[in-house]
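Dear colleague,

I am handing over the structure we spoke about, and I would be glad if you could look through it alongside these notes.

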Amino acid sequence: MNTLDVDYPKVNSAAIEQAQRDALEASALFQEDEKARLVAEIRALLQKRNAVLIAHYYTADDIQELAESTGGCVADSLEMARVGRDHSAQTLIVAGVRFMGETAKILSPEKRVLMPSLRAECSLDLNCPAELFREVRNKYPDRTAVVYANTSAAVKAEADWVVTSSNALKIVSHLKQEGRKILWAPDRFLGDYIQRETGADMLLWPGSCIVHEKFKASALIRLKERYPQAEVLVHPESPMDIIKLANYVGSTTNLLNAAKNSKASVFIVATEPGIFYKMRQAMPDKLFLEAPKEGEGATCESCSRCPWMAMNGLKNLLTVLNDGSNEIHVEESIRVRAVESINRMMSFSFAASPPACS
Ligand code: 13P
Ligand code: SF4
């Protein structure tokens with residue numbers, strides 16, 4: 001792995017524990033009648049405010065259910081960006097993490113973008129502050145800066161291209177064909193995978209996802225021995241030893257489609273378990289197992305859900321619809337630069353394949 005020697009900010013245990021506390025508060029369990037009341041109020045307010053709910057696959061089941069049943073969308077990060085841009089609603093409620101809300105705002109500055117929690121971060125975004133990225137980028141003026149969507153608007157403004165896990169392979173292959181050398185940020189595991197697949201000359205920022213980096217190859221091999229017929233589906237934010245065990249590697253949408261298109265009836269899935277809601281809904285007869293993680297049941301701090309995704313709950317969703325709080329703002333000088341690198345990706349991706357979610 002050709003990793004940059006950069007002293008980047010790590011996400012410490014205290015920050016993860018705080019996020020988990022926030023997530024617990026947001027995802028409090030309700031009595032059925034209270035849940036029904038909250039859902040009914042949210043539905044009515046979405047209509048009244050001309051708002052659409054756009055949720056990521058990693059959000060809680062009740063958020064995904066609401067998005068689908070109110071004319072919104074459950075999608076991967078690329079498709080969330082497209083739906084936000086193309087939907088006629090004037091208010092976008094983005095249930096995901098901050099970079100998803102920012103991308104929606106960058107693409108649709110005239111719309112109001114609200115998020116159930118503004119504390120919903122992403123470890124990759126936190127690993128790559130804009131000032132540090134700019135400093136490193138200036139050291140490599142001969143390289144094309146390709147950043148993952150899981151970054152702040154300010155980092156995107158410094159980049160030539162934005163990519164997501166669903167288009168990174170194609171975009172980097174295209175850049176390699178053009179003879180470009182790449183400065184990649186911030187996920188070293190995704191970067192490593194793309195580098196191996198494309199053979200491109202890539203310098204990798206050393207960031208990581210606190211959820212995907214915890215998958216454990218030895219435990220996955222043991223689980224595979226118990227279910228020899230199972231296919232292994234892996235999100236490319238996972239380390240290379242996990243990716244090597246995969247039958248299929250792809251973004252959340254691609255993993256879902258791979259399971260749909262496969263004849264197998266058992267799958268071991270190495271990504272955030274929020275995806276199981278859609279997998280089980282679409283394929284009730286198939287068995288989906290979580291890939292095992294380091295320290296599970298003992299020391300692991302981020303084993304279960306992404307704590308930031310879990311900050312999206314029914315109560316805070318209702319609050320933002322009621323009072324218009326948690327609005328996303330992106331400074332115009334940053335937005336106009338970030339939109340260029342995002343639009344480059346959008347034109348490339350949607351010229352190549354039709355949208356998946358309407
Ligand atoms: P997708 O682009 O596959 O939705 O991934 C986003 C993400 O945050 C994965 O951890
Ligand atoms: Fe970020 Fe990982 Fe959470 Fe995705 S799962 S939002 S990459 S911390």
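What follows covers the domains and then the ligand site.

This is a predicted model, in which local features need pLDDT of at least 70 and side-chain atom pairs count only at pLDDT 80 or more, while totals for chains, interfaces and linings use all residues. Residues are numbered from 1 along each chain as its sequence is written, chains are lettered from A and ligands numbered from 1 in written order, and side-chain values use heavy atoms, without hydrogens or water.

The domain assignment (bounds from an automatic or database assignment) gives domain 1 as 13–120 + 309–330 and domain 2 as 212–302. Between them, domain 1 and domain 2 bury about 1200 Å², 48% of it on carbon and sulfur atoms, where buried area is the accessible area (1.4 Å probe) that two parts lose on being put together, summed over both. Tyr57, Tyr58 and Glu68 supply 53% of what domain 1 buries against domain 2, more than any other three residues. The rule finds one salt bridge across this interface, a salt bridge being a side-chain nitrogen of Lys or Arg within 4 Å of a carboxyl oxygen of Asp or Glu. Lys278 forms a salt bridge with Glu68, with 2.2 Å between the closest N and O atoms.

The residues around ligand 2 (a heavy atom within 4 Å) include Tyr58, Cys122, Asn150, Glu237 and Trp308. That shell divides into nine nonpolar residues, two polar and one charged, with Tyr, Cys and Trp among those counted as nonpolar and Glu as charged.

Best regards
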